[in-house]
Amino acid sequence: MTAEKIISLLFDDMESWQVFASGRAEGRVTRGEDGSLKLDYDFHEGGGFVALRRETAFAMPETFELGFQLKSLGAVNDFEFKVARPGGTDVWRYRRKGLKPENKWTACRINERELPFAWGPAGGGAPGEVGSIEFVVTAAAGGRGVLEVSKPWLEDQSLRLPLKASASSGAGAESILAREPKGFWQADVDDTRPHWTIDFGRVHRFGGLLIEWPVSSLLRRFDVQVSDDGREWSLARRVVGARGAMTHLAVPDAKTRFLRLAFMDAASASIARLSLKPDAFSRTPNEFIHHVAEDFSRGWFPRYWHREQSYWTVVGTPEGGRRALINEEGLIETDEGAFSIEPFIVTDDGLLTWADVSTSIALPDGGEPMPSVKWHKDDVGLEILPWIRGSGRNLELCVTYRLECRRKLPGVRLALALRPFQVTPPWQAFRNMGGRATLRQIECDAHTMRAEGKPIAFSKAAQKFGAATFDEGGAVSYLAEKTMPPQARVEDDSGLASAAAEWGLAPGESSLEVTIRVPYFESTQTNTEVSRNDVLNEWSQILGGVKWRVPDAAKDVIATLRTACAQILINRDGAALQPGGRRYTRSWIRDGVIMGAALAKCGLADPFKHFMEWYAPFQRDDGFVFCVIDRDGVDPLVEHDSHGQFLWGVREVWRATGDVDFIESVFDRVALAAEHLITLRRQRMTDAYRDGDQAACFGLLPESASHEGYLAHPVHSYWDDFWGLRGLQAAAELAKKFGRGREAALWMSEADSFLRDLVRSIESVISSRNLQYIPGSVEWADFDPTATANAVAQLDFAAALPQGPLQNTFATYLEGFHRRQNPEMPWTNYSAYEIRIIGALVRLGKRDEANELLKFFLADRRPVQWNQWPEISWRDPRSPGHLGDLPHTWIAAEYVLALCSMIASEREADDSLVLAAGMPCAWITGDGFEVRGLPTRHGKLDFRIAAPDCDLIEIFIAGPRELPAGGLWIEPPMPPDTRIESANGDGTRVKVERLPFVAHFKLIPRAPTGGCA
């Protein structure tokens, strides 16, 4: 059955349509007049969406018009039409904001330009195969309403050959449109105005052209002209220097009946083949390059242009600010959204690219953030070593390229290409980032390239150099021909200029080394005395505040912790802690306090303090703490977790630094935030919330969008309440320490009341919704184990929560986690925020499960060798799906905190410190596991644990200035069915009564259980 027929019958079977909705929104489908579908919806004073969905399979044409009749009653809401590929993971969406209610049928017509890619692992492109269709109402005004849809239709408007073509002279004008042309068109030599013309027979939409030339060496100049009548022509595109075997022309949003190529001279007026490209060809500047890359050898363009994920990492300094990126293939983006440097190896046999070699990536063994990439191909190797040196405005990116030939290979040369591409792929698009960069002007000489005025200096003079425009084929096309662009300077209005420089081996030598230098500021003064090893040593010193001596089984674990801390520092922008270096260059208080706490755990508390000092002045006069700050200022979005996070962060800085001046400088803001939390709670303590449908909200913080999933429909989020409660307790603790007894008593009393209301609300929702888990919010009663894990692992509310649902929450999560390991289990992606569940499992006494998760997440670093995670991990690692950012340093911070809790778990609820509660046996065998100077709120901890024999555990503890009020405990890992022989414990844990503590514990078989013999 054709696509047109399938669409026309869409509404015949009403039973095939299903309604689904978000949150408390509801919908119902019935048959309307004239066979229409009628969707009654109700947003129940909230937001979200209500959708009608049907699974149906057909192929979407390249060029089409699709339509239906539409009628709407109720408030002004938004309308969406979606198509999805089979499986539903890739979605294309048409959106109409503010659909006005009209009690009459109106036509809705949608063509391929109005149905762009929305999301999914495909990363872009046109729909192609369709598996389902949706009609959606999304809340604007909300309320109740009706949407009716009828009379669907589809028209395939794709061009069909043959088409009518003509030329000013010469033969073969129509042959070049054939799928497999046997000849080519060439204008007569005496034709003074040569041109070739096509008549589509009707007005046609298209996105560009691919022209293949019979001779690649000619430089061609021509105009692309369009006309509706074949008499009056207008200029669509001017090409001043096309060269090579083919030319790709983007003509976005083109619509015409006649198309003409008008050449400047007869000699170059020849065409071997012309292909008209659909709208998707140039829908966006990035989509254009995707399609261009398809027509060239793999490796001529960065991997992501083939819609394959290419992972990257940051290169920067401990003070953050400016950072470069390097990807797995060795492409280096010099600055945020800027051009990149890409290596190639030229040989007598041809061009070696990333696609022709084996690549390996690495960090130093200690986890210092000094990434490298190596290429390997037969007897040729290339090492790519970037680093940034300097500080402040005296900052410079350096990259060393080392080419080695293990045997004499004539003609081997290193080429470095300056390219108009970023390291972050197009599906990371944000502001000016993702995919294409802009390179309009390049100048070259033997010692320097200048890109848009930015110098790239070479440590040794290049033997060849040159620049090319995009229409000339770019610099890489010359390298493939073992030549170099002839110009030393180009200007390219397309913004896609490129350049290359080349170095060959000296006679008798088997290696060469070239270092490039890119200053970040005009005032940068190069300092040739600072080498890559010097920068590596600086990082080692910065990350060395906590000393680790661990067995091989734990070395990767600790190296990743050090990398995580370093990446948090690199992603900073001054004092502002940011979770990403490109896509997430914003400062959330939520992310910031977690990242700051992780840094403090690693002996780097000062950046945490500086972040809180920087963030505090943005607080509103009424105490409201904005959720995020970026280069545009504060974000007014209401996220009520921010107030508690601010208070918790201030308290954690105090615990980590003991800085009295800091507390005195921010205490008035602490008081404002605490009072604001109380004011917010009072809004939910009126008579309207004492009973009835709203009773579960009594005493909570108001609705907020503190989870991404709550943006469409803010809810009473327990995430907010847990943070607000701990924030009030933190404020009370600070007030008490600084002699503010009245405030301390008031805030602690408020916190006690808050806890009672919070637990009562959770129990009420569990009961009324018949839940077996801790819900994430009142309205949605959603299963959200990562949010619950934060309440347990970071905020330590495990003892206060209903124990059955709490245990079931993580049992259910683990069940799903195990199913995800089954290759036959369908899933698309997950977020490594789940790492924080490790800490929750440690606090719940589930050591084995915590280590199972740790092992999984370490194995699923993306990539493993660079010790990092994206925000979103796709099942197919090469799937071109949005990653959030990489490295995502909020997730890095969650890893640090989870890992540290496995070693030394600080329990807020009873003010205890528990050692080794999450460590596996493999970490303590032989010489054991030792850490010195690990920060805790009770002082720096020195801790060594070893199991030199299978029945003996040795312990050494020193450092804390005081024993915690709730006790210092050891819960060491032990072989199954054994226990500790000690009078001061229960066989699984031992209480430490004094420091320093040295002990040798004998392990004995666990006593059998059961009745008497």
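These legends describe close-up views of a predicted model. Local features need pLDDT of at least 70 and side-chain atom pairs count only at pLDDT 80 or more, while totals for chains, interfaces and linings use all residues. Residues are numbered from 1 along each chain as its sequence is written, and side-chain values use heavy atoms, with hydrogens and water left out.

**View 1**
Rings of Phe, Tyr and Trp (its six-membered ring) pair if their centres lie within 6.5 Å; planes under 30 degrees apart are stacked, over 60 edge-to-face, the rest tilted. The count comes to 51 aromatic pairs. Helices (H or I, at least four residues) and strands (E, at least two) are DSSP runs, numbered from the N terminus. Y813 and F817 are both buried. Buried means under 20% relative accessible area, exposed over 50%, and partly exposed in between (1.4 Å probe, protein chains only).

**View 2. An aromatic cluster that includes W17.**
F11, W17, F68, F79, F81, Y94 and F135 make up one aromatic cluster.

**View 3. R820 over the rings of W827 and Y830.**
A charge sits over a ring if NZ of Lys or CZ of Arg is within 6 Å of the ring centre and within 35 degrees of the ring normal. The charged end of R820 is 5.7 Å from the ring centre of W827. R820 also lies over the face of Y830, with 4.3 Å to the ring centre.

**View 4. F929 and F943 in the largest nonpolar core.**
A nonpolar core is a set of buried Ala, Val, Leu, Ile, Met, Phe, Trp, Tyr and Cys residues joined through side-chain atoms within 4.5 Å. The largest one holds 166 residues, and F929 and F943 touch the most other members. Helix α16 (residues 889–903) gives the most to this core, with 12 residues. Another core, of 50 residues, lies apart from it and includes I341, L439, I442 and V518. In soluble globular proteins, nonpolar side chains tend to be buried together.
Contact means heavy atoms within 4.5 Å. Leaving out residues up to four places away in sequence, F943 touches I903, L915, A916, M919, F929, E930, V931, I955, F956 and I957.

**View 5. The D42–R144 salt bridge.**
A salt bridge is a side-chain nitrogen of Lys or Arg within 4 Å of a carboxyl oxygen of Asp or Glu. The whole structure has 78 salt bridges. In this one, the closest N and O atoms of D42 and R144 are 2.9 Å apart. D42 lies in strand β3 (residues 37–42) and R144 in strand β11 (residues 144–156), so the bridge ties together parts that are 102 residues apart in sequence. D42 is buried, at 13% relative accessible area. R144 is exposed, at 65%.

**View 6. The R681–E750 salt bridge.**
The N to O distance is 2.5 Å. R681 sits in helix α9 (residues 660–682) and E750 in helix α11 (residues 741–768); the pair links parts of the chain 69 residues apart. R681 is buried at 1% relative accessibility. E750 is also buried, with a relative accessible area of 6%.

**View 7. A salt-bridge network.**
K601, R651, E652, R655, E733, E906, E908, D911 and R937 are linked by salt bridges.

**View 8. Helix α2, largely enclosed.**
Eight of the nine residues of α2 (residues 285–293) are buried, so the rest of the structure largely encloses this helix. The buried ones are N286, E287, F288, I289, H290, H291, V292 and A293. Their cover includes β17 (246–263).

**View 9. R586 and its polar contact with D630.**
R586 is in the loop between α5 (552–570) and β38 (587–588). R586 counts as buried, at 18% relative accessibility. A polar contact is a pair of N or O atoms within 3.5 Å; within protein, one must be able to donate a hydrogen and the other to accept it, and residues adjacent in sequence count only if both atoms are side-chain atoms. The side chains of R586 and D630 are joined by one of 2.8 Å. Not counting residues up to four places away in sequence, R586 touches L577, Q578, P579, V628, I629, D630 and D635.
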